[in-house]
Amino acid sequence: MDLNTIWFLLTGVFLTGYAILDGFDLGIGILHLFIRKEQDRLINMRAISPLWDGNEVWLIAGTGSLFAVFPLAYATILSAFYFLFIMLLFSLIFRAISIEFRNKESSQKWQHFWDRGFGLGSLTASFIFGVMLGNIINGLPINKEGIFASDIILLLNPYSIMIGLLILTIFTMHGGIYMTLKTDGVLQEKMRRSVFISWIAFIILYSSAIISTLIISPIMFDGLLNRPLSFVLAFIQFATTIFIVMAIKRNRFISAFVSSSLLIAATICLLGLSLFPLLVPSRIDLLYSLTIYNAASRPYTLFVMLIIASISFPLVIAYSVYVHRIFKGKVDTSEEEGY
Amino acid sequence: MDVVLLSRLQFFLTICFHFIFVSINIGLSWLLVTIELFGWRKNSGVIYVGIANFLSRLFGITFVIGVATGIVMEFQIGMNWARFSGFAGDIFGTLLASEGLIAFFLESSFLGLYLFGRNKVPHGIHWLSILMVAIGSTVSAFWIISANSWQQTPAGFVIREGRAELTSLRDVVFNPSTIPRFFHTIDASLIVASFFVAGIASYLLLENKKIDEAMKLIKITIITGLIFSVFQLFPFGHNHAIQVALTQPEKFAVYEAVYETQSHAPLIIFGIPTTTEPGIMWPVKIPGLLSLITFGDVSATIKGIKDFPPEDMPPRIIPFVSFHIMVTLGIYFIMVMLYGAVQLYRKRLWHKKIFLKLLFLSIPLPIVASELGWIAAEVGRQPWIIYKIMKTGDGASTAIPASNIASSVVLFILLYTLIGILYVYLIRREIKRWT
C-alpha cells in the first residue's frame, strides 16, 4: 500500500470520526426544534455543551489534513462550493454561539431566539454537508486546469438536495439515539419515538438515493461490484439498520448507539470504496478527475504528515475517550446553570 | 472592486475579528492557570476559586467566538486563495493540519472538562485541564504563527513543476521569523489579558463591589502587565524588528521611513506620512539611533526605499502609521503599569480613582496595538503572498465572481457586528451577575 492510499484511508477516518461525533451533536440540534418544554430544552442542550467543541475539531483537523495531503482537492472543493461553504460557516458559527449564549439570560425571548439558532444552524449545516456530498458523487465540472467554480443554483440540484435530506435524517436518528442514553422519563420516550420516525425516513431516502445514483452516476457502482469487501459493508449496513430498531424497542440504547455509529462508518467506507482512487470525479471527462495521485502532496509531505498523525492520533483518541467518559450518563441539571 | 481586493478585504476583516478573541484567551488561559493554582491555598483558596469561576465564564464566551470565527480562517484559505493553496499546500497545509492535530484537539477537549467538570473530577485533574487548555492554545498559536512566518520568510522547500515542495520540515517550522514572531505575539496576548482583567478589576473597585477579589486581581495583573509590557519592548519587540531588518529589508525601510540608503540612519520618533517623496513631513529624528539599535553600530548602513525595485515595495503609509502607533501604545502600557505598580507598592492604589478609570478605559488598547502590529506585518509583506515567491494576486481563486465575494463580505460584516455587540453585552452581564 502506498502513502497516497494510506492517506485516502485516513481521510476516511477523519470523515467517519467527524460524522459519528459531530453527527449526534448536529442531530440533537435538529431535534431541539421539536422540543417544547423549557426543562427538556435545557437537558437537550446540556447533553452536548461540554462535548460539541471537541467534536467539531474533527472537522478542523480533517480539513487541515486534507489541505496538507491533497491540497488540490482542498483548493478545488472549497473554492467550487464557495457559497455553500459560506452558508456552512454561518450555520456553524450561529450554532456555536447559540449553545454558549442561550443560558446567559433568563428572559424567554432571548432563550427562544438561541434555541432556534441552535436548531436551524444544526439543520442547515447537516443539509449542506449532504448537498456537498451529493455534488461530489455527481461529479464536478472540473476542466484541464482543475480549478473552477459553480453557481449556487447548479449546486442545489434535486439529487444533491436528496442527499442533503438523507444526511440530515441520519444525523437526526443518530442524535435521537444518543439522547435516549442521556435522558429518562417522558423526554426519553419522545426521543425513542423520534428515532423510529427518522429511521423510516432514512429507509425511504436511502433507497431513493441508491436508485437515483444508479441512474445519474452508475460509475459509482463499478468499483463496488469488483470489490468483495463492498458486499461485506453492504451487509453491515443492512444488519445495523435492522438492529437499531430492535435495540431501541428493547431499550438497549447503548447497542443502538453502537449500531448507528457502525452504520455511519460502513456507509462512509462504501462511499470511499466506490470513489477509490478518485477524490473528486470530473463530469466533463473522467480523465480530469482529481485522484489520490494527481491531487496529492509530494511523498515527503505525505510521509511527514503520517508521522505527525500517528503520534497525535492515539493521544487524541485517548483524551477524547477520557473526557467523554466523564460526561457519560444522564444529564444532570441540578448544578448551578452553566458551569 | 476586483476579486483579489475583495478576497483580501474579507481575509482582513475576518482575521482581525478572530484575533481579538484569540489574543484575549491565550493570555487569559495562563492567568487562569495561575489563579487556579492559588485556589489550592488553605485559607485564602476559596476566594481564588470564586475569582477563577468568574473568569472562566468570560473565558468560555470568548473561547466559543474564537473557535467559531477560527473555522472561517481555515476554510477561507481554500475558498478565496485556491491557487495559493494548490501551490503551497504541501507546506502550508502541513502546518495547519499540525495545529489541528497536535494543539486544537487538546485545548477543545479539555476546555469542556475545565468549564463543566469542576465537581466531576478531582481538584488536580481540574487544574490539569486548564493547563492543557493553556498549553493547547499556545502551541496552536505556534503553528499558525509558523505558517504565517513561512509566508514572510519562506524556507525549507524547492519549487518543482509549479509547486512548492517540502524539503525540510524543521526549516519550514523554524523559518527565520517564526521564533521572534511567536514570542512577540504570545507576549502581546499576555499584555492583552492583563489589561483586560486589570480593567475589570478597576471597574469593580470604582463601583465598590467585590473589593477583596478585585484587589487580588489587580495586584496579579499589574505585576504581569508590567513584566510583559517591559519584555515586549525588550527583548521581544526589539528582536523581531532586527529580524525584519535582516530578512525583509523593504518592510523595515517602510516601517522606519528610511528613504535614502544611509549610514548613521536616524530614528524617526514622529512624522506625518505623505504620498510625495521622501514620504515623511516634519520628521522628529534622533541621528544615528536607528543604525545603533538595529545593528548595534551608529555607522551601520540601512538600505532605503529609493534603492529597492518599486514593484517589490509594500504600500508605505499603512505600515508606517500602524507600526508607530503600536510602538507608542507599547510605551504607554509600560508607563501605566509602572505607575500602577508604584502605587501598589505604596499601598495607595485604591485611592487613585482617576488612574483606575484610566485602567478601565485602557482595556481595548492592547488589542488595538496587536491588530496594528499585524496590519503593519501583513501590509508590509505586500505585494507578496509568499515573500519573493508568489504575488498576492497570483494566489487568489480566479473562478469566483466578484459579486459572490462582495456579498459574503457584507454578510460577514453583519454577522460579526452582531457577535461583537453581543460579546460586550454578555461580558458586562457576567460582571454584573458576579457582583
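Predicted model: local features only at pLDDT ≥ 70, side-chain atom pairs only at ≥ 80, totals over all residues.
Figure 1. Chain A holds 13 helices and 2 strands. Its C-alpha atoms fill a box of roughly 60 × 40 × 35 Å along the principal axes. Of the 339 residues, 55% count as buried. Take the contacts in chain A between residues at least 6 apart in sequence: 79% of them join residues at least 24 apart.

Figure 2. Chain B holds 14 helices and 6 strands. Along the principal axes, its C-alpha trace spans about 65 × 50 × 40 Å. A compact globule of 435 residues would have a radius of gyration near 22 Å; chain B has 23 Å, which agrees. Buried residues make up 52% of the 435. Among contacts in chain B with a separation of 6 or more, 73% are between residues 24 or more positions apart.

**Figure 3. Confidence in the model.** The mean pLDDT of chain B is 93, and 100% of its residues score at least 70. Where in chain B is confidence lowest, and where is it highest? The lowest mean, 85, belongs to strand E4 (residues 280-286) of chain B. The highest, 97, belongs to helix H12 (residues 365-379) of chain B. For the complex, the predictor gives an ipTM of 0.91 and a pTM of 0.93.

**Figure 4. Where chain A meets chain B.** The contact takes 51 residues from chain A and 60 residues from chain B. Which elements of chain B give two or more residues to the side that touches chain A? They are helix H2 (45-80), helix H3 (82-116), strand E2 (163-166) and helix H14 (402-434) of chain B. H3(B) gives the largest share of that side, with 24 residues. By class, the side of chain B that touches chain A has 30 nonpolar, 21 polar and 9 charged residues.

**Figure 5. Two helices, one from each chain.** Two packed helices are described by the angle between their axes and the distance between the axes. Here the pair is helix H5 (residues 82-101) of chain A and H14(B). Their axes come within 11 Å and cross at roughly 5 degrees. Angles under 35 degrees count as roughly parallel, so H5(A) is roughly parallel to H14(B). From H5(A), the contact uses A:Tyr82, A:Phe83, A:Ile86, A:Phe90, A:Ile93, A:Ile97 and A:Phe101. From H14(B), it uses B:Asn404, B:Ser408, B:Leu411, B:Leu415, B:Ile419, B:Leu422 and B:Leu426. What kinds of residue make the contact of H5(A) with H14(B)? There are 12 nonpolar, 2 polar and no charged residues.

**Figure 6. B:Leu96, a residue of helix H3 of chain B.** Is B:Leu96 buried or exposed? B:Leu96 is buried, because 26 other C-beta atoms lie within 10 Å, and 20 or more is the cut-off. Leaving out residues up to four places away in sequence, B:Leu96 touches A:Gly64, A:Phe67, B:Glu74 and B:Ala147. For a sense of scale, look also at B:Ile325, 229 residues from B:Leu96 along the chain. The C-alpha atoms of these two residues are separated by 31 Å.

**Figure 7. Two cis peptide bonds.** In chain A, the peptide bond from A:Phe276 to A:Pro277 is cis, with omega near 0 degrees. A:Pro277 sits in the loop between helix H12 (253-275) and strand E1 (278-280) of chain A. In chain B, a cis bond joins B:Phe234 and B:Pro235, with omega about 10 degrees. Where is B:Pro235 found? B:Pro235 lies in helix H7 (residues 211-247) of chain B.

**Figure 8. Positive phi at B:His264 and B:Lys388.** B:His264 is not a glycine, yet its phi is positive, near 50 degrees. B:His264 lies in the loop between helix H8 (249-256) and strand E3 (267-273) of chain B. It has 16 C-beta neighbours inside 10 Å, so B:His264 counts as partly exposed. B:Lys388 is not a glycine either, and its phi is about 65 degrees. The loop of B:Lys388 runs between strand E5 (384-386) and strand E6 (390-391) of chain B. With 11 C-beta neighbours inside 10 Å, B:Lys388 counts as exposed.

Definitions and conventions. Residues numbered from 1 in each chain as written. Chains lettered and ligands numbered in written order. Helix = DSSP H or I, 4+ residues; strand = E, 2+ residues; numbered from the N terminus. Buried ≥ 20, exposed ≤ 12 C-beta atoms within 10 Å, placed from the backbone. Contact = placed C-beta atoms within 7 Å. Nonpolar A, V, L, I, M, F, W, Y, C, P; charged D, E, K, R; others polar. Axes fitted to C-alpha atoms, helices over the stretch in contact; angles between N-to-C directions. Parallel < 35°, antiparallel > 145°, perpendicular 65-115°, else oblique. Rg over C-alpha atoms; globule rule 2.2 N^0.38 Å. pLDDT = per-residue confidence, 0-100.
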